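Here are my notes on this model, as numbered points. Please read them alongside the coordinates.

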Amino acid sequence: MTASGDDAIAAAEMRAESTRARNLPLWDDLPIPNDTANLREGPDLNEACLALLPLVGVWRGEGEVDYPTIEGPRKFAQQLTISHDGRPFLVHESRAWLLDDDGNVLRPAARESGFWRPHEDDTIELLLTHNTGIVELYYGKPRNQTSWELGTDAVIRTATAKDVTAAQRLYGLIEGSLGYVEERAMMGQEMQPHSSALLRRVVG
């Protein structure tokens, strides 16, 4: 292994000092395996998910949302949980809350839940359901071992949801943190940046 590889492992071990002992709350009375966001605990990660292994964990941080149809930019904080139960998919659960300029919590904001479903040809499906009445099906592939790019193949909206027609996302590890940028085409606007965030690992 190269010196840079040794340095990367040492840095990962240092970052994990405060996160390796943490995991999701457990339900001891379930007759099936609990989800785990810590690769040191629970069922082994399914081999089909190895290309997504760096995503597994609980991540928290802050970001910014801005779009022509909203008064912005606005700051938000977020917790993203990506876990598994040993089967060939990852579980995605995100909660966000708006912040004022001083970092104080204003109110709960976007929520989304879904699944990352990898395939043998490196294609990744990401199915997301939003509390705002939108369901999105993304397709994409890894760009390399630590970044993933996806775009919507289909968007379904309830009668009360915003007019979202397409979206794109890029996730990537940045010095041990998880960053992402999202673009959206909605409310008559062309595809353009919508939100971005940098999240640090708190579990796993």
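1. Val-203 is buried, at a relative accessible area of 5%. Buried here means under 20% relative accessible area, exposed means over 50%, and partly exposed lies in between (1.4 Å probe, protein chains only). Val-203 sits in strand E10. Strands are DSSP runs of E with at least two residues, and helices are runs of H or I with at least four, numbered from the N terminus. Beyond its neighbours within four places in sequence, Val-203 is in contact with Thr-19, Arg-22, Asn-23, Ala-37, Gly-57 and Val-58. Contact means heavy atoms within 4.5 Å.

2. A word on the basis. This is a predicted model: local features need pLDDT of at least 70, side-chain atom pairs count only at pLDDT 80 or more, and totals for chains, interfaces and linings use all residues. Residues are numbered from 1 along each chain as its sequence is written, and side-chain values use heavy atoms, with hydrogens and water left out.

3. The fold. A closed barrel of 10 strands runs E1-E2-E3-E4-E5-E6-E7-E8-E9-E10, with antiparallel pairing. From one strand to the next the twist averages 25°. Axes are lines fitted to C-alpha atoms, for helices over the stretch in contact, and angles run from 0 to 180 degrees between N-to-C directions. Two strands count as paired if DSSP finds at least two bridges between them.

4. Strands E6 to E7. E6 (residues 134-144) and E7 (residues 147-157) pair in the antiparallel sense over 10 bridges. Asn-144 has Ser-147 of E7 as its bridge partner.

5. Strand E9 and its two partners. E9 is mostly covered, with 8 of its 10 residues buried. E8 and E9 pair in the antiparallel sense over 10 bridges. Gly-179 in E9 is the bridge partner of Gly-172. The hairpin of E8 and E9 has 2 residues between the strands, and Glu-175 takes a positive phi near 50°. On to E10: 7 bridges join E9 to this strand, and the two run antiparallel. Ser-195 in E10 is the bridge partner of Glu-182. The E9 and E10 hairpin has 5 residues between the strands, and Met-187 in the turn has a positive phi of about 50°.

6. Aromatic pairs. The whole structure holds 3 of them. Rings of Phe, Tyr and Trp (its six-membered ring) pair if their centres lie within 6.5 Å; planes under 30 degrees apart count as stacked, over 60 as edge-to-face and the rest as tilted. Trp-116 and Tyr-171 are edge-to-face, because their ring centres lie 5.3 Å apart with planes at 65°. This pair links distant parts of the chain: Trp-116 is in strand E4 (residues 105-118) and Tyr-171 in strand E8 (residues 164-174), 55 residues apart. Trp-116 is buried at a relative accessible area of 0%, and Tyr-171 is buried at 2%. The rings of Tyr-171 and Tyr-180 have centres 5.6 Å apart and planes at 40°, so that pair is tilted. Tyr-180 is also buried. Trp-116, Tyr-171 and Tyr-180 form one aromatic cluster.

7. Which residues touch the most other members of the largest nonpolar core? They are Leu-90, Trp-116 and Tyr-171, in a core of 26 residues. A nonpolar core is a set of buried Ala, Val, Leu, Ile, Met, Phe, Trp, Tyr and Cys residues joined through side-chain atoms within 4.5 Å. Strands that each supply at least two residues of this core include E1 (57-65), E2 (74-83), E3 (90-99) and E5 (124-130). Apart from this core lies another, of 6 residues, among them Tyr-67, Val-155, Ala-161 and Met-186.

8. Thr-81 is in strand E2. Thr-81 counts as buried, at 10% relative accessibility. Its contacts, leaving aside neighbours within four places in sequence, are Leu-24, Gly-57, Val-58, Val-91, His-92 and Glu-93.
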